[in-house]
Amino acid sequence: MNLDNCSAVITGASAGIGREFARQLASRAKLLVLVARRRDRLEQLRTELVARNPALLVNIRQTDLSNLEQTMQLAALLTNEPIDFLINNAGVGDHGSFATADPIHVNEQVQVNALALTALTRALLPRMIAQKRGAILNVSSSAGFLPLPRSDPCRDTQLRDYRDRALPRSGPYRIRRGRESTGASTKAAEQSRACCG
Ligand SMILES: NC(=O)c1ccc[n+]([C@@H]2O[C@H](COP(=O)([O-])OP(=O)(O)OC[C@H]3O[C@@H](n4cnc5c(N)ncnc54)[C@H](OP(=O)(O)O)[C@@H]3O)[C@@H](O)[C@H]2O)c1
């Protein structure tokens, strides 16, 4: 998809890779929706981006993606925005043995890494299909390809295969798959259109 004038949602935009996505998209997008828990960081980023790109609209959606209610509220809000690019970037990792991992942290990982991604994809995909324009980028981890003993439980929830299933593989939409196996996977529902059967 040509990203010029896109309207993008970036989860985990308050730091790291998500913040960099925002910086790189800012000169091309018309709208960026920044999602994370730390509002102060998102506001700081908005100030920076708008100073460099005065025509850019930046909305902040402070959301804890490990909280189902907040995630569903975000998903509902976003269905009213003309989003054509979803970057599922927010992720939570861990170290050590899964067998001794803190169960609450494990639940947080599953919620952020898998369920929130699924909810946002489900919320935004219908508009992308209807407007025949859209892209979804799921940031994953090469750790998902390394079945090591004492593996980090985030590998279970950041597996590329799981994140791939957040979009339909077949059906009446033309879905183009982008780069994979690079630690990140990209998929585009670009110019999706009704199939003639
Ligand atoms: N950096 C790497 O080497 C590497 C390698 C492989 C994969 N990845 C993947 O790349 C993605 C970004 O990594 P990163 O290194 O940029 O991470 P990071 O610097 O730790 O940033 C994580 C981002 O996710 C957000 N986040 C975490 N928990 C959240 C929650 N409950 N609700 C909402 N937002 C939440 C954080 O924002 P708040 O704390 O403000 O909420 C932050 O903006 C992750 O999915 C990660 O697994 C990174």
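I took a residue as buried if 20 or more other C-beta atoms lie within 10 Å of its own, as exposed if 12 or fewer do, and as partly exposed in between, with C-beta atoms placed from the backbone. Helices (H or I, at least four residues) and strands (E, at least two) are DSSP runs, numbered from the N terminus.

**Entry 1. Source and numbering.** I worked on a predicted model, in which local features need pLDDT of at least 70, side-chain atom pairs count only at pLDDT 80 or more, and totals for chains, interfaces and linings use all residues. Residues are numbered from 1 along each chain as its sequence is written.

**Entry 2. Overall composition.** I looked up the secondary structure and found 6 helices and 7 strands. Along the sequence I read the pattern β-α-β-α-β-α-β-α-β-α-α-β-β. Of the 197 residues in the protein, 38% are buried. I then turned to contacts (two residues whose C-beta atoms, placed from the backbone, lie within 7 Å). Among the contacts with a separation of 6 or more, 64% join residues 24 or more positions apart.

**Entry 3. Helix H3.** Which residues of H3 are buried? In this helix, residues 68-78, I noted Thr71, Leu74 and Leu78. Seen down the helix axis, these buried residues of H3 fall within an arc of 60 degrees, so they line one face; the arc is that of the directions from the helix axis to the C-beta atoms. On the face of H3 turned away from the buried side I found the exposed residues Glu69 and Ala76. The cover over the buried residues of H3 includes strands S1 (7-11), S2 (31-36) and S3 (57-62), together with helix H4 (103-131).

Entry 4. I counted two strands as paired if DSSP finds at least two bridges between them. S1 and S2 pair in the parallel sense over 5 bridges, and Ala8 has Leu32 as its bridge partner in S2. S1, H1 and S2 make a right-handed β-α-β unit; a crossover is right-handed if, with the strands pointing away from the viewer, the path from the first strand over the helix to the second runs clockwise. S2 and S3 run parallel and are joined by 6 bridges, with Leu57 of S3 as the bridge partner of Leu31. From S2 the chain crosses through helix H2 (residues 39-52) to S3, and this β-α-β crossover is also right-handed. I recorded S2 as mostly covered, with 5 of its 6 residues buried.

**Entry 5. Strand S4 and its partners.** How are the faces of S4 (residues 85-88) covered? Phe85 and Ile87 are buried on one side, and Leu86 and Asn88 are buried on the other. S1 and S4 run parallel and are joined by 3 bridges, Val9 having Leu86 as its bridge partner in S4. S4 also runs parallel to strand S5 (residues 135-139), to which 4 bridges join it. The bridge partner of Asn88 in S5 is Asn138. The chain passes from S4 through H4 to S5 in a right-handed β-α-β crossover.

Entry 6. For reference, most residues other than glycine have a negative phi, and most peptide bonds are trans. Asn5 lies in the segment before S1 and counts as exposed, because it has 10 C-beta neighbours inside 10 Å. Lys132, likewise not a glycine, has a positive phi of about 55 degrees. Lys132 sits in the loop between H4 and S5 and is partly exposed, with 15 other C-beta atoms within 10 Å. In strand S5 I checked Ala135, which is buried, with 21 other C-beta atoms within 10 Å. The C-alpha atoms of Ala135 and Leu124 are separated by 10.0 Å, and the two residues are 11 apart along the chain.

**Entry 7. Ligand shell.** Which of the 25 residues around the ligand come nearest? I noted Gly12, Gly16, Arg37, Arg38 and Gly91. Helix H1 (residues 16-25) supplies the largest share of the shell, 3 residues. The shell divides into 9 nonpolar, 12 polar and 4 charged residues, where Ala, Val, Leu, Ile, Met, Phe, Trp, Tyr, Cys and Pro count as nonpolar, Asp, Glu, Lys and Arg as charged, and the others, Gly among them, as polar.

Terms used. Near = placed C-beta within 6 Å.
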